Structures are given as structure tokens and as C-alpha cells.
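Hi,

Here is the structure I promised to pass on. Have a look at it first, and my notes follow below.

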Amino acid sequence: MKNVASQEAHINSLASKYKGLSAGEEAGSRGYLLTFLIAYLRDVGLDFHVMAESFETSCPWDRVIDLCRNVRTRILNECKMKGVHYKAFVSYRVTQLYDGGACIYFYFGFNGRGLTDPLAVYEEIETAARDEILENGGSLSHHHGVGKLRSRWLKDVVSDIGLGMVHAAKNYIDPKNIFGINNLQQPSKL
């Protein structure tokens with residue numbers, strides 16, 4: 001308990017030094033509640049033309065502020081360029097701390113009423129956001145993994161040798177491509 005108290009005091013002193021603040025345990029709990037509820041809110045929102053999702057990344061400490069600001073700005077600019085008629089919701093929070101950096105969650109949503117294909121617009125904006133994350137030193141993913149949605153960026157962030165190792169391990173461990181089917185490689189590569 002003594003170690004936890006000293007770590008908390010250290011974190012609070014760092015937050016104070018860099019103009020941060022301690023939001024307390026309650027805010028963290030509410031943030032995780034939002035993370036779990038967002039899937040249900042998303043489904044209800046669709047009935048009202050609202051599309052929303054969360055996505056995460058990680059980056060070194062010296063990139064956190066710029067990455068958050070630039071991704072938020074990029075999303076808002078993309079919404080304007082793509083004709084979104086209502087102000088988009090864009091928020092972010094640091095959820096996990098490490099010696100070398102942090103995990104950042106982004107929450108993004110907009111009302112797609114009046115757009116010909118709001119889902120396509122949403123996907124284009126989310127793609128632009130992921131491009132901005134990578135351009136600002138963020139990772140392709142943190143703990144959600146790459147999956148089908150982010151696989152298009154794999155060749156840009158992992159070397160050919162790294163991809164070869166992933167494919168070799170996948171082929172050896174799962175030769176019938178049952179687990180995570182086609183997430184990281186297409187059937188033609190099996």
C-alpha cells in the first residue's frame with residue numbers, strides 16, 4: 001500500500017508540473033463504463049442518424065499532446081470537407097501510462113442526416129484519423145489489435161521480415177485459418 005501511495009503522489013506531482021490534473025478514480029470508472037456502453041449507444045444512435053465509435057493508439061510521451069490535438073483537428077476538418085452538416089463529437093483520454101508513453105482512446109461521432117452515404121463518410125473520416133495517428137508517431141493499435149479494419153496499414157508499419165514471421169507463425173499454429181480468419185492475411189497467402 002505504501003508503494004501505491006508513493007506512486008500516486010509521484011503521478012500527481014508530474015500532473016501538476018505539466019498542468020495536468022487528477023480526475024480521480026470515479027472519472028476512470030465512468031470512462032470505462034462509457035467504453036462498454038458505447039456499443040449499445042451506437043446501435044440506438046443509428047436510429048437517429050448518429051454514428052460513433054472509439055479507437056485507440058499508443059505513442060511516446062513527447063508525442064501525446066500533438067497527436068491528440070492533430071487527430072481531433074483532422075477529424076473536424078474532414079467532417080467539414082465531407083459535408084457533415086452538424087458539429088461532430090471528438091474526445092480523447094489517456095487510459096494507460098507507461099514509462100515510455102501512453103495509450104490514448106479517441107471517441108468520435110457525428111449526425112449523418114442529409115448525407116447520401118453516411119457510413120462511407122464515417123469510414124473515410126476514421127481512415128483519415130488513423131493516417132493522422134500514424135503521421136504523428138502513434139501506433140497502429142494498442143490492445144485492440146489490428147484485425148480487418150486496420151490491416152491495410154500493416155505493410156506500412158511492419159517490415160517484410162516482421163510480416164513474414166507473423167504469416168509463418170499463423171500458418172504453423174493455424175494451418176486451416178480458423179482463428180481470426182483472414183484478419184492479417186488473405187486465404188491466397190495460406
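Let me start with helix 3: at 1.5 Å a residue, its 18 residues should span 26 Å, and the end C-alpha atoms are 26 Å apart, so the two agree. (The expected span is 1.5 Å times one less than the number of residues; helices are DSSP runs of H or I with at least four residues, strands are runs of E with at least two, and both are numbered from the N terminus.)

Before you read on: this is a predicted model, where local features need pLDDT of at least 70 and side-chain atom pairs count only at pLDDT 80 or more, while totals for chains, interfaces and linings use all residues. Residues are numbered from 1 along each chain as its sequence is written, and side-chain values use heavy atoms, with hydrogens and water left out.

Back to helix 3. Its buried residues (under 20% relative accessible area; exposed is over 50%, partly exposed in between, with a 1.4 Å probe and protein chains only) are Val 64, Leu 67, Cys 68, Val 71, Ile 75, Leu 76, Glu 78 and Cys 79. Seen down the axis they fall within an arc of 160 degrees, so they line one face of the helix; the arc is taken from the directions from the helix axis to the C-beta atoms. Ile 65, Lys 80 and Met 81 are exposed on the other side. What does the buried face of helix 3 pack against? Strand 1, strand 2 (89–97), strand 3 and helix 4, with contact meaning heavy atoms within 4.5 Å. Just after the helix, Gly 83 has a positive phi of about 80 degrees.

Of its 24 residues, Ile 75, Phe 106, Phe 108, Phe 110 and Ile 125 touch the most other members. Strand 1 (50–60), helix 3 (64–81), strand 3 (101–111) and helix 4 (118–135) each supply at least two residues, and helix 3 gives the largest share, seven. Leaving out residues up to four places away in sequence, Phe 108 touches residues including Met 51, Phe 55, Ile 75, Cys 79, Val 90, Tyr 122 and Ile 125.

As for the whole protein, there are seven helices and three strands, in the order α-α-β-α-β-β-α-α-α-α. The C-alpha trace spans about 55 × 45 × 30 Å along its principal axes, and buried residues make up 32% of the 190.

Cheers

Notes. Core = buried A, V, L, I, M, F, W, Y, C linked by side-chain atoms within 4.5 Å.
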